[in-house]
Amino acid sequence: MRLLPLLLSLLILSCEKLETVFIEEDLLERPPSKRCSDCHAQIFEEWKKSRHFHAWTSEQFRVESENYTKTKCLSCHAPHQVDPYKKPTLRVEFKEDGVSCVACHFKEETRAMHGPLKVWSPPHPSKQDFSYTKSNFCAGCHQETYKEWKLTKVEKTCQSCHMPSLGKRDLIQKFPFELFHLAKPRTSHEFPSLKAKPEDIKVELKGNKLILTNVGVPHNLPTADQGNPKLYVVAELEFEDGRRRTVRKLLSAQSKTALRYKEPKEIRLPKGNIVQAQVKIYRKLAWKKERELIKEVTLQTPSP
Ligand code: HEC
Ligand code: HEC
Ligand code: HEC
Ligand code: HEC
Ligand code: HEC
């Protein structure tokens, strides 16, 4: 038992040393994300499912950037270093990695991995940095969406919706490091695009107007910087005299017709007394082929 204090002091002394013994120099040389998966295996698997991973290799991006020759298009799709508010510069190496781990976490200024937590990470220096939990971290690239969000004055951050909490989990899956660390708060690196809920869009029929209001998503619906996501509104109308008509309306960020947060949008309907309107709202994400139904509702004009 007398050995215990000795062992403890030895351990404490050696911790300082361990730090340098375990340091893996290449991690500070901006390796590809695959390298991070040696330890952060689960986070890597999530990120591979995200659009950030596809940002450079996306076929649509290749075509629209004219085979990577439109230089003004490139930097957000293969950034060197992400900082709050700043539009990034273009990365030189491993562009096919898109918005990569090092782009978001490695800082030239400190030559360390920055992140939201306080950690002991022998293989690479880490620095706790609360800018990771704020919306302006996303603002340098999601410029338009950030401006829209800011105007809503809603406090929920981009991360709280698009990097939802996974509860406490291990940050690393590698022996022996995993033995020295407790589970910590984890956030989803799939960066889900999410989908509006039916109650996020209010639909009203007032005379010959259909009124749509985005009451649930604190940025435009749809929102985009460069992509072209769309909402399709299909209203099947039934008139008092038995006539039927279908009205279709496309709403998009690029045509500046998106639904702004809490701002009612009117769609004019054909003349006549409408007795019933069956309204369907679909969305199409920029990178997806298919439409997905968000809401379906049948509205009746109250009889006078
Ligand atoms: C370096 C620039 C950059 C930063 C910083 C960035 N993103 Fe992105 N993000 C992109 C690009 C580029 C795409 C589009 C990739 C593609 O589909 O080709 C994207 C796509 C997305 C998508 C999917 C959108 C869709 O159309 O389905 C979500 C969600 C997202 N980002 C959330 C975030 C959040 C939240 C943050 C901040 C924590 C963030 N992003 C920070 C560049 C960035
Ligand atoms: C300021 C950063 C930034 C710049 C510069 C930029 N993009 Fe993007 N791009 C994004 C973000 C963020 C997204 C995610 C969806 C959205 O908000 O439009 C995106 C999404 C896209 C998408 C839809 C996703 C996909 O893979 O199909 C395409 C296509 C695209 N960008 C093409 C371009 C082209 C072409 C240019 C140059 C004209 C360009 N981008 C310049 C940030 C940028
Ligand atoms: C040899 C193992 C190993 C490799 C490879 C590795 N890390 Fe880590 N990393 C760690 C350990 C250990 C921790 C701390 C874990 C804990 O406290 O639970 C950590 C923590 C982190 C954190 C959290 C920092 C914070 O303050 O919130 C980030 C971010 C991070 N690593 C990024 C990276 C990136 C990016 C790469 C690839 C360039 C990478 N790591 C490669 C072992 C590794
Ligand atoms: C678009 C930028 C972006 C990319 C790409 C990205 N991260 Fe993160 N990461 C963040 C942000 C922002 C947080 C903090 C989220 C929060 O706490 O709200 C974070 C948190 C973390 C954490 C702390 C634990 C957790 O889950 O919150 C680790 C570790 C980490 N990232 C590692 C990685 C690794 C490894 C990769 C690549 C496989 C990666 N990140 C890719 C932005 C990014
Ligand atoms: C309260 C939750 C919430 C917050 C906060 C939030 N979003 Fe969203 N976001 C959503 C939902 C829900 C959707 C899906 C809309 C749909 O059905 O297409 C979405 C969609 C998106 C899309 C995909 C394009 C689209 O309109 O479908 C991008 C890009 C995006 N958000 C970026 C951001 C950024 C950047 C921030 C912070 C400035 C942010 N979001 C804040 C809930 C949120």
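Analyst: Domain bounds here come from an automatic or database domain assignment. The model is predicted: local features need pLDDT of at least 70, side-chain atom pairs count only at pLDDT 80 or more, and totals for chains, interfaces and linings use all residues. Residues are numbered from 1 along each chain as its sequence is written, while chains are lettered from A and ligands numbered from 1 in the order in which they are written.

User: What domains does the assignment give the protein chain?

Analyst: Domain 1 covers 22-187 and domain 2 covers 198-300. Their C-alpha centres lie 35 Å apart. Twelve residues of domain 1 and eight residues of domain 2 make the contact (C-beta atoms, placed from the backbone, within 7 Å).

User: Which helix gives the largest share of the side of domain 1 that touches domain 2?

Analyst: H7, with six residues. Helices (H or I, at least four residues) and strands (E, at least two) are DSSP runs, numbered from the N terminus. H7 spans 143-152. That side of domain 1 holds two nonpolar, six polar and four charged residues. Ala, Val, Leu, Ile, Met, Phe, Trp, Tyr, Cys and Pro count as nonpolar, Asp, Glu, Lys and Arg as charged, and the others, Gly among them, as polar.

User: Why is ligand 2 said to lie between the domains?

Analyst: Because domain 1 and domain 2 both give residues to the shell around ligand 2, ligand 2 lies between them. The shell numbers 22 residues, with Ser58, Cys73, Cys76, Gln226 and Gly227 the closest (near means a C-beta atom, placed from the backbone, within 6 Å). H5 gives the most, three residues. By class, the shell has seven nonpolar, ten polar and five charged residues.

User: What makes ligand 5 lie between the domains?

Analyst: Domain 1 and domain 2 both give residues to the shell around ligand 5, so ligand 5 lies between them. His142, Cys158, Cys161, Ala196 and Pro222 come nearest among the 25 residues around ligand 5. H7 and H8 (158-162) each supply at least two residues of this shell. The shell has 15 nonpolar, seven polar and three charged residues.

User: How do you know that E1 and E2 pair?

Analyst: Pairing requires at least two bridges found by DSSP between the strands. Two bridges join E1 to E2 (residues 112-115), so the pair qualifies. The two strands run antiparallel. One bridge links phenylalanine 106 to methionine 113 in E2.

User: Why are E1 and E3 called edge strands?

Analyst: The open sheet has three strands in the order E1-E2-E3, with mixed pairing. E1 (106-107) and E3 (126-128) each pair on one side only.

Definitions and conventions:
Two residues are in contact if their C-beta atoms, placed from the backbone, lie within 7 Å.
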